[in-house]
Amino acid sequence: MLNGVCAVTENIPVLMACCFLIGFIRVALVLNTTFVIAPYLLGIQTLDMFLYEPDSPEGAYKNDHARTVLMPVLYCYILCIVQFSNYVSAWVAYEFRWEYTYLLVMGMMLAAILLVSFTFCHAPTHRYHLPWRLLPDALLLTLAMGAFCYIMVFGKTYDWFAQRSICVAWAVMLVCGGGFLWLSAAVRQKRVLELGIFRYRYTWYGIGIFILLMLINSSTLFVTTYLKMSTLSGNLESATVSCWAIPGCVAGLVFTLICVFRGVHFRYIYAAGFLLMLAANLYMFFHYQTMGVYEHTIPPTLLHYSGMLVLYSVTCAFAMKHLPIRYFATWLFLMVAVRNVVAPAIGTSVYGNWLQERRQHYITRLVQDVRTDNPQSAARFMQVTRLGQLQGKDGMEASRLASTLMKGQVTLQATLVAMKDITGSTVWICLGSALAVLLMPYHRNEKT
């Protein structure tokens, strides 16, 4: 129903509401599907790992090891499905119409309803009660995170606090976020955020690694930008390159499982993940050029998604080690909030603003060489002007055409130099992250 509304509506607020509800339902479906199929695929009783406290250290290690095996498989199939669906959506929109993408999803949902109806056993007869007491927490948190994302995405565009809407969003974030934290701390009933989880060191490790990961992950924006600028590729070609993320995720899954089964320490798995992302950025650093090659974007995509899967999957299981069962639901909430909302908003804002600032810097530097007393620039300007006159334009129109072309060339070159500059800095960020995870203090005799 929601996809049907998205296919026909032209109202932006209605579209935003539908997307919000689709995201809400998607998370619930993914979690429930995972808990249903994991026992059949891996022989792991997922609910037992999250609901029952182990009665011995051996049982605790067994649960930790099982979660460390489960998470790479879970993230691998989720990321592979996401990349494949992005390609299918781009193909349908390119070959037919963009509305057909929503119609395709509607057909798939109907097929899923029939599959569930005919294959699942009958539901239990006892009634379930929704925890309505958590509704204020959910509303306050949604408003706070929505305001935070708005500030991060549009802050640079609206000149930060010079715009009233940014100030209002800041006030909403503080009031709603403060109200959410007050409910979590002052009310004794079970809440979404159990503040006692922050007493555990691994919780802070997990949050920090997720923020670093999503910050570095935002650099994939440059691969798509480079692909469209230097190879003149469209959305379908970009989605095709993204399909190479699937073998990258599979390679990351194999690497992670080998490390887990061989008992490799977490510090070395983390360092390997950051080094893979370092290799992806280092490869791109040496391949930026005005006339790019389509195939040059494939190796960094493979390397980046391999490292991302390693870090994604291990961090979730790592932060649950030595954590009491009563905090597991809170950690899952923190993981989704930080990984899917806070960290991507910060990463997108940092790289978007960084790219804009460096591009303007290099435009200012490069445009100084475009002068009439520069023989090369003058010859190019006169050549384009003469070409415009041969096409029937008068002198003013031909000069304007030449100026526009020169401006486009300077902007293209400045953008590529800016991306090369930022990618080089990202290499150092990856190296620093790898060194940080190697030097972090861990529990003694820590094992995967």
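User: What should I know about the numbers first?
Analyst: The model is predicted, so local features need pLDDT of at least 70, side-chain atom pairs count only at pLDDT 80 or more, and totals for chains, interfaces and linings use all residues. Residues are numbered from 1 along each chain as its sequence is written, and side-chain values use heavy atoms, with hydrogens and water left out.

User: How much space lies in the second largest pocket?
Analyst: About 500 Å³. A pocket here is an open set of points on a 1 Å grid over the protein atoms alone, where a 1.4 Å probe fits, with protein on both sides within 12 Å along at least five of seven lines. The volume is the space filled by probe spheres set on the points, joined across faces, edges and corners.

User: How does the lining divide into nonpolar, polar and charged?
Analyst: 17 nonpolar, two polar, no charged. Nonpolar is Ala, Val, Leu, Ile, Met, Phe, Trp, Tyr, Cys and Pro; charged is Asp, Glu, Lys and Arg; the others, Gly among them, are polar.

User: Is Cys-316 buried or exposed?
Analyst: Buried, at 0% relative accessible area. Buried means under 20%, exposed over 50%, partly exposed in between, with a 1.4 Å probe and protein chains only. Cys-176 is buried too, at 9%.

User: And what does Asn-217 touch?
Analyst: Met-277, His-304 and Met-308, not counting residues up to four places away in sequence. Contact is heavy atoms within 4.5 Å. Asn-217 is buried, at 15%.

Methods: On a 1 Å grid over the protein atoms alone, a cavity is a set of points where a 1.4 Å probe fits but cannot get out, and a pocket is an open set with protein on both sides within 12 Å along at least five of seven lines; lining residues have an atom within 4 Å of a point.
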